[in-house]
Amino acid sequence: LLLMAAAAAVPVRAVVGDARQEAAVRALARRLLGPRAAAVSLSVEAALAAGGPDTYRLRSPPGAAVAVAVTGSSGVAAAAGLYRYLRDFCGCHVSWSGAQLRLPEPLPRLRDEIRPPAAPPRYRYYQNACTQSYSYAWWDWARWEREIDWMALSGINLAPAFAGQEAAWQRVYRSLGLNQSEIDSYFTGPAFLAWNRMGNLRGWAGPLPPAWHLKQLYLQYRIVERMRSLGMITVLPAFAGHVPRGVLRVFPRVNATRLGGWSHFDCTYSCTYLLDPEDPMFQVIGTLFLKELIKEFGTDHVYSADTFNEMTPLSSDPAYLSRVSNAVFRSMTGADPEALWLMQGWLFQHQPDFWQPAQVRALLHGVPLGRMIVLDLFAESKPVYQWTESFYGQPFIWCMLHNFGGNHGLFGTVEAINHGPFAARRFPNSTMVGTGLVPEGIEQNDMVYELMNELGWSQEPLDLPGWVTRYAERRYGTPNAAAAGAWRLLLRSVYNCTGVCVNHNRSPLVRRPSLRMDTELWYNASDVYEAWRLLLSAGAELGASPTFRYDLVDVTRQAAQQLVSEYYLSIRRAFQSHALPELLTAGGVLVYDLLPELDSLLSSHSLFLLGRWLESARAVATSDREAEQYELNARNQVTLWGPSGNILDYANKQLGGLVLDYYGVRWSLFVSALVESLNSGSPFHQDQFNQAVFQVERGFVYNKKRYPAVPAGDTLEISRKLFLKYYP
């Protein structure tokens, strides 16, 4: 019965006809391959799936002008079939950091017909609620178009479309009688909207200018149109129960409770109001909002809402929790009788003391079985399905979270993702209906996402050393023994974290300095140094490849991050043993050479520039005042994360400009404070240092310095220079 409920999880297909999907996937092929797209025939036939999950077929028609004919049951399936052909038969590669599309001439023909392994899970999901702010905040349509192309080639068929929702909310709030200042004091700035939508924050770094709403609406129209034209199912936001304070002024008798502060925020910018599930206004507001969205954007009948994201519910009474989830679901069906609720399952593993089995079951069973899909958000490290009997019968998607805060840092749990989804499918009475990629931030660790996308179509684990060797060859466009050796070393070390692994970069490099910093690694540091040596040795042959240059920056950056930890330990030892000469030497090398060299390395590649992030924020603005507000949003998010360092360095990045003017200045102050302490014989006080360094951190957010958005310097040369100086 449970399996039947899971299988009944509606919607099976996107509603767009075959012809429109076919036109969309052909246009994608032309964007990707240019004139060479003519050698590939692409068609969409929904009947190919026979009512089951997406599938595709590749074959070379005898005597035809085209080398390969790709037929998909949807636009996404056809795009995934095209990528399989490009990847496995043409040695090509497409990723966030670049594409390698040197096609053979002529294109290879296939001896046999090729299909994916029998019945993959129905859904391949992508995006995290936080990615909207950590990665997509400043995107224009050109960047969204590239992402949606990548999603289609990866076979992603279920994804949120969250842009522009504040414009719809503003209309709803106005229709309820709120005034503009009440609305303005509720919405956060653009870089923090993810947490405003989940009821965690209000007002911080806002308000949202009118032009923001217009631009986001325009983007949303294009995003949903393109995603649907490729046969993707779009997920729209729904009402989770959080309301602005203005609702209490207009409806003084409404039953709403003020929640506590979120994370390290007090009630200045947190403590939002949650409507009681029984209050009639819950249904009025929820249905009004969804009707507004559906009128504007149409619907694929899947909606997302998170009522208790990192927030403790007001009561642990199972009856109360069931009432809340039932109220959220009814506000969806009030606008769309076919509604299906997609919910992040993060809360269950984030607060396990509160979410005991009775509480989890109550929340999940407030919704009819099969009308909710739960994202098991951190399944590679802390799967929830195992201790909830497969979410007590509700369908779930096995997700790889992988990244927090969009941090840089080589990291992966390859063994866990290579086996986890298959174990979840074999689990007794499993209700698993798909796999998902849910990083908080993207544009990092391409290899892990390529692997996970391939596993979404697989029936069994892959041979990882063989897989990564082929990955290196495709990524750089030619076999190279040194590069393949480097990747096998990285695979067994940084990419193979086992046990409970939380990829949050805690390296001293990107954390506020103290005498108690964590330098533990989950891997052998010498493997990264050796991979660095091997990659550099491949530079003569592979140096022209953009993906190679990106990887050389990334691996050199990882080696430098390890070196920072080693110099930090030397600094700490010297200070604790009162050895001033050693302290001056180690501190001097770190502050005056290693960090500036790392900064110049990062500044040599466009994807590692602070200026790229800041200028993309300014580019969204329609006035100087907006440009300043957006730039402050962008700077604050990657540093202080709040007015007073509330979630300090959570979203740390290693970017050219940031390393020198933010991390470097902090380290300089720290070394000076330790030297001063030894010279004067007075103890080092962390509290006093924190107060002084906060002024430096805050100063960076407000310094108005413009950073280049164009790279400078030769990556290979800078990496080689660092190597000759620092290779251990």
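## A guided tour of the predicted model

Begin by selecting Asp149, which lies in helix α5 (residues 141-153); helices here are DSSP runs of H or I with at least four residues, strands are runs of E with at least two, and both are numbered from the N terminus. This is a predicted model, in which local features need pLDDT of at least 70 and side-chain atom pairs count only at pLDDT 80 or more, while totals for chains, interfaces and linings use all residues. Residues are numbered from 1 along each chain as its sequence is written, and side-chain values use heavy atoms, with hydrogens and water left out.

**Stop 1: Asp149**

Is Asp149 buried or exposed? With a relative accessible area of 11%, Asp149 is buried; the term means under 20% relative accessible area, exposed means over 50%, and partly exposed lies in between (1.4 Å probe, protein chains only). Display Arg31 as well: a polar contact of 2.8 Å joins its side chain to that of Asp149. A polar contact is a pair of N or O atoms within 3.5 Å; within protein, one must be able to donate a hydrogen and the other to accept it, and residues adjacent in sequence count only if both atoms are side-chain atoms. Leaving aside residues up to four places away in sequence, Asp149 touches Leu28 and Arg31, where contact means heavy atoms within 4.5 Å.

**Stop 2: the parallel strands**

Select β12 (residues 302-304) and β13 (residues 340-344), which run parallel and are joined by 3 bridges; two strands pair if DSSP finds at least two bridges between them. Leu340 in β13 is the bridge partner of Val302. A crossover is right-handed if, with the strands pointing away from the viewer, the path from the first strand over the helix to the second runs clockwise.

In a regular strand the side chains alternate between the two faces of the sheet. In β13, Leu340, Leu342 and Gln344 point one way and Trp341 and Met343 the other, and all are buried.

Next, bring in β14 (residues 372-376). This strand pairs with β13 in the parallel sense over 4 bridges, and Met372 in β14 is the bridge partner of Trp341. β14 also pairs with β15 in the parallel sense, over 3 bridges, with Ile397 in β15 as the bridge partner of Leu375.

Now select β15 (residues 396-400), where 5 of the 5 residues are buried. Phe396, Trp398 and Met400 lie on one side, Ile397 and Cys399 on the other, and both faces are covered. To continue, show β16 (residues 432-437), which runs parallel to β15 and is joined to it by 5 bridges; Trp398 stands opposite Thr435 in β16. Together, β15, α16 and β16 make another right-handed β-α-β unit.

**Stop 3: an open sheet**

Select β9, β11 and β10, the order in which 3 strands form an open sheet with antiparallel pairing. β9 (242-243) and β10 (256-258) stand at the edges with a single partner strand each, so one side of each is left without a neighbour in the sheet. Between β9 and β11 (residues 273-275) there are 2 bridges, and His242 stands opposite Leu274 in β11.

**Stop 4: helix α19**

Move to α19 (residues 481-492), whose end C-alpha atoms are 17 Å apart; its 12 residues should span 16 Å at 1.5 Å a residue, which agrees. The expected span is 1.5 Å times one less than the number of residues. Because 9 of the 12 residues are buried, α19 is largely enclosed by the rest of the structure. Among the buried residues are Trp487, Leu489, Leu490 and Leu491. To view what covers them, show elements including α16 (414-426), α18 (464-476), α20 (525-537) and α22 (546-576). At the N-terminal end, Asn480 caps α19: a side-chain oxygen lies 3.0 Å from the backbone nitrogen of Ala482.

**Stop 5: His605**

Finally, select His605, in the loop between α23 (580-602) and α24 (610-620). His605 counts as buried, at 11% relative accessibility. Which residues does His605 touch, not counting residues up to four places away in sequence? They are Pro546, Arg549, Tyr550, Val553 and Pro711. Val553 is 52 residues from His605 in sequence, and the two are 7.6 Å apart in space, C-alpha to C-alpha. A polar atom of the His605 side chain lies 3.1 Å from the backbone nitrogen of Leu607.
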